[in-house]
Amino acid sequence: LKPGQMIYGKVQKIYPNQTADLTIGNVKITARLDAPISIGKGYWFQVQNGSDAKELKVLRMDNAQGTKDAVPLQVLAHLGLSPSKENVSAVKLFMENQMPVSKDHILLAVKWLAENQDAAAAIRTIKTIHSLSLPPTDKVFQALFSFENKIPMRHAMTNLQSGLHDGVSETETMLKSVLSFLLA
């Protein structure tokens, strides 16, 4: 867990000094909380900068708004993101898969889903990044996406070649030459 991330967890046990055992997906953690909570209930939390123990801020979420998009809209509001269709879909993806939600993760997920025609494959790749605790970067996504979807090396080299510019640097020029030779 990283500061700023939002997570949904259930309270398992409460200790003195505002500490509690929480279950977040399949993971159990002990954290310091900033507000009163009840055992057995689920809450949205935001990870705070803390010392040794995780410090979580309990977020007020109004589930009484009556729509299935109420909580994702509130998550987006807490993160300062617009309630666009794409952002709501990304939050739902993170919620359904019990993954921590952050502003950066939502923006990356929306970008990756928009860039790839196979949304199901992009979602699988996003889940893999989370499950393997890999850094959510474009390079990691592209590498896993290519691997998981068995994209041929020739296709990857063609994409790389088309992304290179003529004469920008000596290395780029050499790489383009090597790729032309390999693809010939």
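Tutor: Two strands pair if DSSP finds at least two bridges between them. Keep that cut-off in mind for this predicted model.

Student: What makes strand 2 and strand 3 a pair?

Tutor: 6 bridges join strand 2 to strand 3 (residues 27-33). The rule asks for at least two, so strand 2 and strand 3 pair. Their sense is antiparallel. Ile24 has Val27 of strand 3 as its bridge partner. Strand 2 and strand 3 also form a hairpin, with 2 residues between them. Gly25 sits in that turn and has a positive phi of about 65 degrees.

Student: How do you know that strand 3 and strand 5 pair?

Tutor: Count the bridges again. Strand 3 and strand 5 share 3 bridges. The threshold is at least two, so this counts as pairing. Here the sense is parallel. Leu33 is bridged to Leu56 of strand 5.

Student: What makes strand 4 a partner of strand 5?

Tutor: There are 5 bridges between strand 4 (residues 42-48) and strand 5 (residues 54-59). With at least two required, strand 4 and strand 5 therefore pair.

Student: Are Tyr43 and Phe45 buried or exposed?

Tutor: Buried means under 20% relative accessible area. Tyr43 is at 16%, so it counts as buried. Phe45 is at 0%, so it is buried as well.

Student: What makes Glu172 count as buried or exposed?

Tutor: Its relative accessibility is 16%, so Glu172 is buried under the 20% rule. Glu172 lies in helix 7 (residues 170-183). Its C-alpha is 9.5 Å from that of Gln161, 11 residues apart along the chain.

Student: How do you know that the span of helix 4 is close to the expected one?

Tutor: Helix 4 (residues 119-131) has 13 residues. From first C-alpha to last it reaches 18 Å, and 18 Å is what 1.5 Å a residue leads one to expect.

Student: What makes the buried residues of helix 4 line one face?

Tutor: The buried set is Ala121, Ala122, Thr125, Ile126, Thr128 and Ile129. Seen down the axis of helix 4, they fall within an arc of 160 degrees, so they line one face. Residues three or four places apart point the same way because an α-helix has 3.6 residues a turn. The buried residues of helix 4 pack against helix 2 (85-96), helix 3 (103-115) and helix 5 (138-148).

Student: How do you know that helix 5 has a buried face?

Tutor: Its buried residues are Val140, Phe141, Leu144 and Phe145. They fall within an arc of 125 degrees around the axis of helix 5, so they line one face. Lys139 and Phe147 are exposed on the other side of helix 5. Helix 3 and helix 4 are among the elements that cover the buried residues. Lys150 follows helix 5 with a positive phi, near 50 degrees.

Student: Why are Asn17 and Ser133 called exposed?

Tutor: Exposed means over 50% relative accessible area. Asn17 has 63%, so it is exposed. Ser133 has 66%, so it is exposed too. Asn17 lies in the loop between strand 1 (6-15) and strand 2 (19-24). Ser133 is in the loop between helix 4 and helix 5.

Student: What is the phi of each?

Tutor: Asn17 is not a glycine, yet its phi is positive, about 60 degrees. Ser133 is not a glycine either, and has a positive phi of about 55 degrees.

How values were computed: Residues are numbered from 1 along each chain as its sequence is written. This is a predicted model: local features need pLDDT of at least 70, side-chain atom pairs count only at pLDDT 80 or more; totals for chains, interfaces and linings use all residues. Side-chain values use heavy atoms; hydrogens and water are left out. Helices (H or I, at least four residues) and strands (E, at least two) are DSSP runs, numbered from the N terminus. The expected span of a helix is 1.5 Å times one less than its number of residues. Buried means under 20% relative accessible area, exposed over 50%, partly exposed in between (1.4 Å probe, protein chains only). The arc is that of the directions from the helix axis to the C-beta atoms. Contact means heavy atoms within 4.5 Å.
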